[in-house]
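Take a walk through this model, one region at a time. Keep the viewer open and follow along.

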Amino acid sequence: MYDEFVGFVKSIYSNKKFIPLHEPLFIGNEKKYLNECIDSTFVSSVGKFVDQFEVNLAEKLGVKHVVATVNGTTALHMCLLLANVKENDEVITQPLTFIATCNAISYCRAHPVFVDVDSDTMGMSPISLKNFLLDNAEIRDGVCYNKITGKKITACVPMHTFGHPCRIDEIKKICSEYHIKLIEDAAESLGTSYKNQQLGSFGDLSAISFNGNKIITSGGGGAIVTNDENLALKAKHLTTTAKLKHAWRFDHDQVGYNYRMPNLNAALLCAQLENLDIFIRNKRETAYLYQSFFNDIKWAKFISEPSHSKSNYWLNALRLKEPSERELFLEKTNSSKVMTRPIWTLMNKLPMFKHAFKSDLSNAKALEESIINIPSSVRL
Ligand SMILES: *Cc1c(COP(=O)(O)O)cnc(C)c1O
């Protein structure tokens, strides 16, 4: 029964010998801008492409400020620091995410707390978040604490899984009720809109990734997104080693980070951003083809965009009816050179986070057992 699927994927990807999960595509001004960048000798973290990219992305997202970083993980780390996450604080997130979300929380010496995801969005469930807070949180002097652990709950980091939006508007309302800073992990969801607003523009701060497997890439890269000018200035300062502006002196006013995106990467990214809308249109067509194929299939369901959203369909996913058949499916497809991957192992199962405070995670568990990613590159 999986042969039909393998045949279908090969047919939509021009019968290539090997069909990867997601490969980058350079069909625009990439070489032109890279050459310009090399000719200028400004290949490092100062240069016009970095500035240009930040302006262009801010405009695309409808936000005031973007600060480009070396990768999405450092962007997340910086967002958490700017949200004032301190050692021993708690940060609420979802167990179904890529490890970077929890790594960034750990870099602050803070502790992730896991609430469940919604089955339809695969992102943080506002109901689970609300119930967790009703059961465990109390506000003292305008600060939210976990009554059980005594720790401060400083921030909440929902993630938009595979480019599909979580119920971010509801999550935003709950966070503001509880005086918790909202940080969107929008690493996977560049270009997705929810209720006609771009993802990455809902949070107090948001992080985006431009890793090689993301919808557009700078090789490695990330961005911090915010509407708060003060936070944007701080982000720029902290990511450039907290150096005080001066023509020749090296003065730094705190421990900073070397997190700024090099101009060379930004040159590549400027060209990629020009094609984002074309990529998204193409990927939405692919999703439509998969959807039609799976309409007649009994053994799995294709994951479509949630209501009120226009998804970038970064990584397509299907949900197997019988989780017990997962290994066989992965084996059959990968040995036929059609790359497929299971969704991430839940964060609360990893040795670093197995003692983390958590709610009932039934939806996340069910998804972990049954979700598989299938080839999603832009089709030529
Ligand atoms: C890719 C990704 C990141 C991290 O991005 P890098 O650029 O690889 O550091 C963070 N969170 C999620 C959910 C991601 O998918």
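The paragraphs below go from the ligand site to the helices, and then to single residues in loops and helices.

This is a predicted model. Start at the ligand. Which residues come nearest to the ligand? Of the 16 residues around it, they are Gly72, Thr73, Glu188, Ser209 and Lys214. On its own, the ligand has 380 Å² of accessible area, and the protein covers 92% of that.

Now look at what builds the shell around the ligand. By class, the shell has eight polar, five nonpolar and three charged residues. Two helices each supply at least two of its residues: H4, residues 72–82, and H5, residues 99–107. Which helix gives the most? H4 does, with three residues.

Stay on H4 for a moment. Cys79 is found in this helix. Is Cys79 buried or exposed? Its relative accessible area is 0%, so Cys79 is buried. Ile183 is 104 residues away along the chain, yet the two C-alpha atoms are separated by 6.9 Å.

Follow the chain out of H4. The loop between H4 and strand E2, residues 90–93, contains Asn88. Phi of Asn88 is near 75°, a positive value in a residue other than glycine. Its relative accessibility is 42%, so Asn88 counts as partly exposed.

Thr41 sits in the loop between helix H2, residues 30–40, and H3. Here too phi is positive in a residue other than glycine, with a value near 65°. At 62% relative accessibility, Thr41 counts as exposed.

The next stop is H3 itself. Helix H3 runs over residues 48–61. Its 14 residues, at 1.5 Å a residue, should span 20 Å. The end C-alpha atoms are 20 Å apart, so expectation and model agree. Which residues of H3 are buried? They are Phe49, Val50, Phe53, Glu54, Leu57, Ala58 and Leu61. These residues cover an arc of only 160° around the axis, which puts them on the same side of H3. The face turned away from that buried side carries the exposed residues Val55 and Glu59. Just after H3 comes Gly62, with a positive phi of about 70°.

H11 covers residues 326–335, and its buried residues are Arg326, Phe329, Leu330 and Thr333. Seen down the axis, they fall within an arc of 95°, so they line one face of H11. What does the face turned away from the buried side carry? There sit the exposed residues Glu331 and Ser335.

Helix H9, residues 263–274, also passes the length check. Its 12 residues should span 16 Å at 1.5 Å a residue, and its end C-alpha atoms are 17 Å apart, which agrees. H9 is mostly covered, with nine of its 12 residues buried. The buried set is Asn263, Ala266, Ala267, Leu268, Leu269, Cys270, Ala271, Gln272 and Leu273.

Leu367 has its place in helix H12, residues 362–370. At 0% relative accessibility, Leu367 counts as buried. Ser119 is 248 residues away in sequence, but the C-alpha atoms of Leu367 and Ser119 are 7.2 Å apart in space.

Gly221 lies in a loop instead, between strand E10, residues 205–209, and strand E11, residues 222–226. From Gly221 to Tyr259, the separation is 38 residues in sequence and 9.6 Å in space, C-alpha to C-alpha.

Key. Residues are numbered from 1 along each chain as its sequence is written. This is a predicted model: local features need pLDDT of at least 70, side-chain atom pairs count only at pLDDT 80 or more; totals for chains, interfaces and linings use all residues. Side-chain values use heavy atoms; hydrogens and water are left out. Helices (H or I, at least four residues) and strands (E, at least two) are DSSP runs, numbered from the N terminus. The expected span of a helix is 1.5 Å times one less than its number of residues. Buried means under 20% relative accessible area, exposed over 50%, partly exposed in between (1.4 Å probe, protein chains only). The arc is that of the directions from the helix axis to the C-beta atoms. A residue is near a molecule or strand if one of its heavy atoms lies within 4 Å of it. Accessible areas come from the Shrake-Rupley method with a 1.4 Å probe; for residues, only the protein chains shown count as cover. Ala, Val, Leu, Ile, Met, Phe, Trp, Tyr, Cys and Pro count as nonpolar, Asp, Glu, Lys and Arg as charged, and the others, Gly among them, as polar.
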